[in-house]
Amino acid sequence: MTLGGWLYIVLVFALVLGAAFPLGRYIAAILEGRVTWARPVEVAVYRLAGVDEKRAMRWQDYAIAMLLLSFIHFLLLYAILRLQYYLPFNPLHIQGMAPRLAFNTAVSFTTNTNWQAYAPEQQVSYGAQMLGLTVHNFISAAAGIAAAAAVMRAFCAGGLSTLGNLYVDITRVTLYLLLPVCIIAAVYLVWSGVPMTFAGNATAHTLSGAVQSIARGPVALQEAIKEFGTNGGGFFNANAAHPFENPTIWTNLLETWLTLAIGFALPIAFGHMLKDKAQGRALMAAMAIILALGCAGAYAAEAAGNPLQIQAGATANGNWEGKEMRFGIPASTTFDVAATGTSCGAVDSFIDSYTPLGGAVPLFLMQLGEVAPGGVGSGLYTIIVFALFSVFVAGLMVGRTPEYLGKKVQAKEVKLAMLAVLVLTGFILGGTALSLLTASGLGSLANAGPHGFSEMLYGWTSATENNGSAMAGLSADTDLLDYGLGAAMLFGRFAFMIPILAIAGSLAAKPKLPPSPGTFPTNGPLFVFLLIGVIIILGGLQFLPADTLGPLAEQFLLQAGKTF
Amino acid sequence: MAKTAAIALFSPGILRRAALDSVIKLNPARLIRNPVIFVTEIIAGLVTFSAAWSIHSHAPAAFAIVIAAWLWLTVLFATFAEAVAEGRGRAQADSLKHTRSDTMAKLLLDPRDRVLFKPTPAADLQKGDIVLVEAGDLIPSDGEIIEGLASVNESAVTGESAPVLREAGGDRSAVTGGTLVISDWLVVRITADAGATFLDRMIALVEGATRRKTPNEIALDILLAGLTLIFLIAVVTLTAFGAYAGTRFSIPVLAALLVCLIPTTIGGLLSAIGIAGMDRLVCFNVIATSGRAVEAAGDVDALLLDKTGTITFGNRMAAAFYPAAGVAMRDLAEACALASLGDDTPEGRSILALAREQHGIAPQMPPGGRAIPFSANTRLSGLDDGTSTYRKGAVDSIRNTLGAVGDAAFTETAACIARAGATPLAVAANGRLLGLIELKDIVKPGIKTRFAALRAMGIRTIMVTGDNRLTAAAIAAEAGVDDYIAEATPQNKLDYIRKVQAQGRLVAMCGDGTNDAPALAQADVGVAMQTGTQAAREAGNMVDLDSDPTKLIEIVEIGKQLLITRGALTTFSIANDISKYFAILPAIFVGTYPQLQALNIMHLHTPESAILSAVIFNALVIAALVPLALKGVKFRAIGAAALLKRNLLIYGLGGIVAPFAGIKLIDAILGLFHIFS
């Protein structure tokens, strides 16, 4: 560990948290319809799509529209992937994707997961990358923010029957937030050396006389939205470790910032919408503390390195396996931690090669439900669910029926929140267990022992939590994993989001109680620590036995000189 | 019911019965209402079966037997907690039942004729029957007086032995079955069917026979059931993970892990906490018609309090003397005292008390003195002692009768007193104006700090009074209430409640008259006075047997205490999980990966002893917390933020730390006796 390393982490936090305040205020303005600088375009979109922007939706309408929209986009993407050979922008003449893999990929990009069971530069055409994957990166990110907007609105007033209009939210978020920031970021990326071209692979003759075919393509825009929308699906198989995705330490910093920006801005936006900024800051603080612990933990573990390599004299300063020399350890671990604290899942260093403890950090951050700060939108509504739990468990201790932001938390909300958490737990642990009981599942593992176990656990966690990162040792393109993880992604996204929209609908209808000295305070440091405690106990404890058998066991075995 | 002497926390009689009941409650069909403990019972059964199988197949079974035994104890402690709580309620109900007697009622054949009646057992009376009750008779059932006036001893219900007056019409027309008519007679129309009287309902509620889960309890139950399911998934999938790692975890080990992780502590104590909350109200001589009402009391944001009797003593009292120009204070005080010597009203006595306490004047009745009582004609009272005449009365009356007008300063002082909401009395001696007495509604001492404490809890107090706006405002300011309703009528009380409720706040009030009934019904917590009318008692959701309106404040505190106890034990229970992981996880995995011994940070002796210690702790903590569940966590009016900090520290942090110590201690004791170590 070096002072420079710690300063890099501090710099990332300063840039992200500093930007969260103006960005949050801006997002609140977008969601409240106060941003109008591209109003003609916005109106044209509504007219083209036949959307009545005045129509407010009940939570059921909102949820149905969300499902419908996602289903249509899934079908569209599936068709594009299957038919990409016949579609334009295919200079490399890549064949259509096989049905199983196309299903997995279409689900993956529709659910904002971007789990990649395929090798992009060999299996996806430029056209499919742009029209299919990049478009979905925008839509699925905007859909997540829209769902969060619906949940946020539920707390803003009493006796509401509607939560806004999904189509309007998606249009505004895309038009006013995602597109402008991504275009600016993409220009910077191009300037830094990221390709944005329709030309096919470059051919290079090496000094030794060998011929190399170097993959390239329209990378820059997809790279920007991949981070900003916490999607994570790389243009190249090597993801952000590839020099064409992430050429310099500055693009690495920018991409880390993009990954975290919206996640931390949304609680601030929530505070603005509530007209109670302290509430938003409290949620942001809890997110930031968890992420900071994760960054510190992963950096410390990787900087300490692999004891066997150190004994062998192979390295003096940390675990460099799977890391880019041009970034160094702190920038690598921070990137990966940011990508797993969110639902991004992009990597610039390979988690499979991390020390067991270093790799446990991304795994645990995902298992906590991705709330530090979480995927765009999903992070906010997930942490709100934990806030409801916190208030419900500890709020009774002030002697009142628990309420959060003036809304009483009662049996219905608890039931729905519990259902959502159960879905996540069931898929992560159940999926891992089932896979390990089958020959097919065991065949996907590249390593034996606890490391192999971690690979499988990581895969199911990543899919269910819609993260998309992987321990690369897992061969995921099998019947079991393509379909199984596809189902995990679908349920992890929608079987989680819809109960939460239902909670929002139920809370919206309740009267908003004015705060009084007898109300449980949810804007101070006490609540922040309570919330963190509840996230760890309710979100993480159920995974502890599995994590003990995976990364923890491996760490202790490694120290005893045993590797897998 | 005699003023319920708080039943000792654990009386031997209750414990004996509870021990038996706790076994009866093991019936799974009954236990299923409590999902956490139900799961624990199934697991205990499973481990028992596995132990039996081990014995049958001559495998080592000692560990399974011990784990099974402790799991059964866990379930038993939970059912025992509920049984004790119910037992305490039953003990209270028994003292109520004594008053329910097999009275013979005098059923009138013709309500207009009090001579012809048919003796009928009280149990056969029906709603609408008309009965005669004479001196020495027990009133056979609840009813409304339609004719007559009598003094009634209601100590059977209220514990208060002084008889109360009951008469037809007005606010004192309700009578309660089981109370005794001491003088005169009453004709009563029965208003409750047999078995449905007020007393019957009280007994049923106190016994917990009709106990239904409250909304908060249901929500908490869902959370606990959900947590149980989550940990069930974690433990079941663990078998597959073990299989991958080449280990087969035994049933007792997995059972121990599951039972330690699911929230058995709060699951076992939840219903006891609810029953005990109702019980605390009963000890306090307040009967709630449902647990929901007790819970609502904790949520109340606004209290409507009657001015008279709750905030003030109810009588105007002398507060100060104001001498007229040129009159010595001492002379005025003496004249006031003399003018009041023959005045036996509370006001007169308060004037004497003021003269004595503040001015040291306590005149005796002068020889030949003659008290002049208050007359409606002159509206004056006073004293003639042969040489002098002393008069006191309303300012106008003194002026009109004696012609003594007083100067401008005098007039201004009188106006000033009236503006402050008090009443000025003028005093004259021998036709000369000496000064003024300020008569004032005296606010009860300490009530202001009480209201401040309520405000810190986020509860607003609203004073309800028939006084005019001016007087009401002055007293409101003095008592420190947040708002007041002056010139209160049943309608504007109801309107006020609706207005506050429309802001999303919960309102509590108490009342006794029939005209209070709509407001009592509208309020979220309506406390009817036992002395009130039947209509009021039906409309409220609580009845105060002592008819003491100040109790509303304590009722709110009891409601809060119930919720706090539930929250505290839930937090404690969930926080416990962390330490149990550190006890059990290394123990069950160390066979697979010996290096995981490093996680055994408590240095427990052996895996078996570690698992057993966690299970024993888990069981004992339920038993250890039964007294807290029954007594309730103390409520402190220190504001939500401070209260949360305090309780989080004790039950949250304590819940994390305590089991580390407890499990280590149990392991040490097991080690001492070489049990599994």
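The area buried between chain B and chain A is about 5000 Å², and carbon and sulfur atoms give 80% of it. Buried area here is the accessible area (1.4 Å probe) that two parts lose on being put together, summed over both. F241(B), Y244(B) and L644(B) supply 15% of the area that chain B buries against chain A, more than any other three residues. The model is predicted: local features need pLDDT of at least 70, side-chain atom pairs count only at pLDDT 80 or more, and totals for chains, interfaces and linings use all residues. Residues are numbered from 1 along each chain as its sequence is written, and side-chain values use heavy atoms, without hydrogens and water.

The contact (heavy atoms within 4.5 Å) takes 59 residues from chain B and 61 residues from chain A. One salt bridge is counted between the two chains. R400(A) and D301(B) meet in a salt bridge through their side chains, at 2.9 Å, N to O. The term denotes a side-chain nitrogen of Lys or Arg within 4 Å of a carboxyl oxygen of Asp or Glu.

Several helices of chain B give two or more residues to the side that touches chain A, among them helix 21 (552-575) and helix 24 (640-672). Helices are DSSP runs (H or I, at least four residues), numbered from the N terminus. Helix 7 of chain B gives the most, with 18 residues.

Zero disulfides are found over all chains. A disulfide is a pair of cysteine sulfur atoms within 2.5 Å. The sulfur of C295(A) is too far for a bond, because the closest cysteine sulfur, in C344(A), is 14 Å away.

How values were computed:
Chains are lettered from A and ligands numbered from 1 in the order in which they are written.
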